[in-house]
Structures are given as structure tokens and as C-alpha cells.
Amino acid sequence: MSKVIQHLLSTKDLDLKLIQCLFSRAEKLKRMRAVLSASERILYGETAASLFWEPSTRTRISFEMAAIRLGARTVHLSPAESSMKKGETLDDTLANLFVLGCRFFVIRHSVSGEVARLASQMKPTAHVINAGDGTNEHPSQALLDAFTIRERRKSFEGLEIAILGDILRSRVARSNLFLLGHLGANCRVSGPPELLPKKLEVPSAKIMKHPDEAVEGADVIMALRLQRERGGINFAMPDKEYLQDYGLTQKRVSLAKPDAMIMHPGPINRNVEVEPKVADGPYSVILKQVENGLFMRMAIYEALQGELG
Ligand code: CP
């Protein structure tokens with residue numbers, strides 16, 4: 001196995017060998033339908049805590065299910081109903097959960113960098129998983145996305161991947177750009193000018209002014225949710241107009257390769273970033289991404305435990 005990691009915070013510096021091990025293990029777990037024998041449940045006796053400052057369906061539930069499949073127990077702390085409401089700091093809260101026996105912490109926070117800061121305070125036997133921090137990163141999402149692409153395409157080398165929508169505020173886009181670039185894919189991003197960064201940190205990735213340019217000839221098209229709740233940007237466009245100008249319509253998708261994969265990290269907003277006929281069409285892998293999330297997150301726990309099978 002590749003070098004062991006204590007935390008999963010970013011895809012930026014993930015070792016290629018470790019990424020390949022995660023893919024292979026997730027593939028094996030999928031073949032086994034995530035059913036493990038008692039001796040394979042390497043988190044037996046452990047407790048995994050989830051702490052989410054922002055709403056979640058897929059990430060929280062699939063991490064909890066992954067921990068259970070590996071033999072752990074799970075606890076969930078809802079910040080609004082915790083003693084943080086009485087003034088306890090998040091650092092103290094985590095220290096308390098640690099002495100109660102929690103060793104895995106799946107954390108989603110609205111502030112970029114906060115999950116990494118918390119991880120830096122933890123004891124060496126604690127493991128933090130970044131389940132999304134502000135507009136920074138969502139590494140497990142990118143890993144399951146890449147795993148889903150890998151199932152249907154022979155190689156990432158030279159693969160043309162279009163990412164459309166609210167790029168500026170998307171942690172999913174950032175984690176995917178780092179990971180897919182590292183794997184050899186060429187990413188093109190496009191969206192409303194207000195929602196595009198001035199430049200990208202990944203040399204192989206390009207910003208396209210028009211979404212049609214980004215989609216043309218693409219092997220994979222990934223739509224992103226419009227993250228209105230993050231605010232900070234003066235962007236107000238009626239949903240219908242947004243769909244026509246920047247969304248995945250059947251007309252736009254027809255510019256890509258005939259079998260182009262249609263992806264979206266979820267939650268999807270139908271008729272905003274994607275037409276229902278595209279989201280539910282034959283090339284959509286949106287629900288496959290969710291399904292694969294369980295296997296990839298099991299593999300992530302195993303890697304953190306230092307026992308990637
Ligand atoms: N893709 C994703 O992070 O979904 P949730 O917000 O439901 O976890």
C-alpha cells in the first residue's frame with residue numbers, strides 16, 4: 001500500500017498510488033456488495049462521529065453506512081442542538097468526543113479551511129474526514145466521482161471533462177479539478193461570468209466563456225448546483241433562463257460525444273441546472289455516483305485505519 005494518511009482533507013496532494021488503491025478497494029467492495037465477514041470489519045469497536053454545520057443527505061448517510069458496514073458504531077452531533085449553543089468551542093467539543101471514544105470525525109463546515117484547522121489540533125490516533133468546507137474542498141465526492149468515471153472509461157489520460165455551473169463557489173469542482181488533473185484528464189469549466197474564477201490552480205484545466213464550447217466533444221459532463229445559499233455574489237437569474245444559458249439541456253448535451261457520461265454531485269435542482277430528461281436519461285450516472293459513494297467511503301475509512309484491503 002501507499003503512504004498511510006491520518007486525515008482526508010483535500011485531493012490536492014493525494015498520492016497517485018493511494019488513489020489507485022482506493023479505486024481497487026472500492027471496486028472489490030462493490031463486487032462484494034459491501035458485505036464483509038466479521039474478521040474483515042476492521043472498525044469493530046470504533047465509533048465514528050458526524051458533525052455537519054450544513055445540510056447533507058448523501059455524504060452524511062453514506063459515511064455513516066460505510067462505518068456501520070465496517071463494524072463501527074456511529075454518533076451524530078447536530079451543532080444547533082449541542083452544547084456549542086451554550087458557548088463551548090468546536091475544539092473543546094471534539095476533545096470531549098475523543099475522550100468518549102470517537103476516533104473518526106466526519107465534518108462539514110461552512111468556513112473554508114476550518115476542517116483542516118480542526119484536524120491539526122487532533123491527537124495522532126484521531127482521523128478527520130473533510131465532508132465539505134466552505135468553497136474549498138469535498139475530497140470524498142471527487143474520489144467517488146473519479147471512481148464512477150473509471151468504471152466506464154478505460155483511462156483518464158486525455159479524457160475531456162466539462163464542468164458547468166457555479167464553479168467559483170463549488171468545493172466539488174475544486175476537489176475534482178485537482179484529482180482529475182492529477183489523473184491525466186483535461187477539464188474545461190464554464191458558467192455565468194460572475195460564477196467563474198479568474199484563473200484555475202490546475203494547469204491542464206481551461207475556463208471556457210461559453211458552456212457549449214466546454215461541452216463540445218466532451219467524454220463526461222458534470223453539472224453543479226447553483227449555491228445561492230453561499231451568497232457573496234450579485235447573481236440573480238430566473239431558473240428558466242439559467243437552464244437555457246448554462247444548464248444541461250438535451251440540446252447542449254448533444255454537442256458532447258454521443259455516449260458522454262452525465263454527472264452531478266447532488267442534490268439536483270431539476271429544471272435549474274439540469275433538464276429531467278437528461279438527469280434521468282440513459283447516459284446519466286447521477287444515482288451511480290451516490291451508490292458508489294458507499295464503497296468509496298468504506299475504502300477511505302480503511303485507508304485512514306491503515307488497513308486498505
Ligand atoms: N454531494 C453532496 O455532498 O451531497 P449532500 O450535500 O447531500 O451530502
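What volume does the largest pocket have? In this predicted model, the answer is about 440 Å³. Lining the largest pocket are 21 residues, and those closest to its centre are Arg108, Arg171, Arg225, Gly266 and Pro267. Sorted by class, the lining has five nonpolar, nine polar and seven charged residues.

Around the ligand you will find Pro55, Ser56, Thr57, Arg58 and Thr59, along with Arg108, His138, Gln141, Pro265 and Gly266. This shell comprises two nonpolar, six polar and two charged residues.

Serine 56 has a side-chain N or O atom 2.6 Å from an oxygen atom of the ligand. For arginine 58, the corresponding distance from a side-chain N or O atom to a ligand oxygen is 2.9 Å. Threonine 59 places a polar side-chain atom 2.6 Å from an oxygen atom of the ligand. On its own the ligand has 260 Å² of accessible area, and the protein covers 91% of it.

Finally, let us visit the second largest pocket, which holds about 210 Å³ of space. Its lining has 13 residues, with Val253, Ile262, Val278, Pro282 and Tyr283 closest to the centre. Here the elements that give two or more residues are α9 (250-253) and α10 (276-279). By class, the lining of this second pocket divides into seven nonpolar, four polar and two charged residues.

Note on methods. Residues numbered from 1 in each chain as written. Predicted model: local features only at pLDDT ≥ 70, side-chain atom pairs only at ≥ 80, totals over all residues. Heavy atoms only, no water. Near = heavy atom within 4 Å. Polar contact = N/O pair within 3.5 Å; in protein donor to acceptor, adjacent residues only side chain to side chain. Areas by Shrake-Rupley, 256 points an atom, 1.4 Å probe, with all protein chains shown as cover. Nonpolar A, V, L, I, M, F, W, Y, C, P; charged D, E, K, R; others polar. 1 Å grid on protein atoms, 1.4 Å probe; cavity = no way out; pocket = protein on both sides within 12 Å on 5 of 7 lines; lining within 4 Å. Points joined across faces, edges and corners; volume = space filled by probe spheres on them. Helix = DSSP H or I, 4+ residues; strand = E, 2+ residues; numbered from the N terminus.
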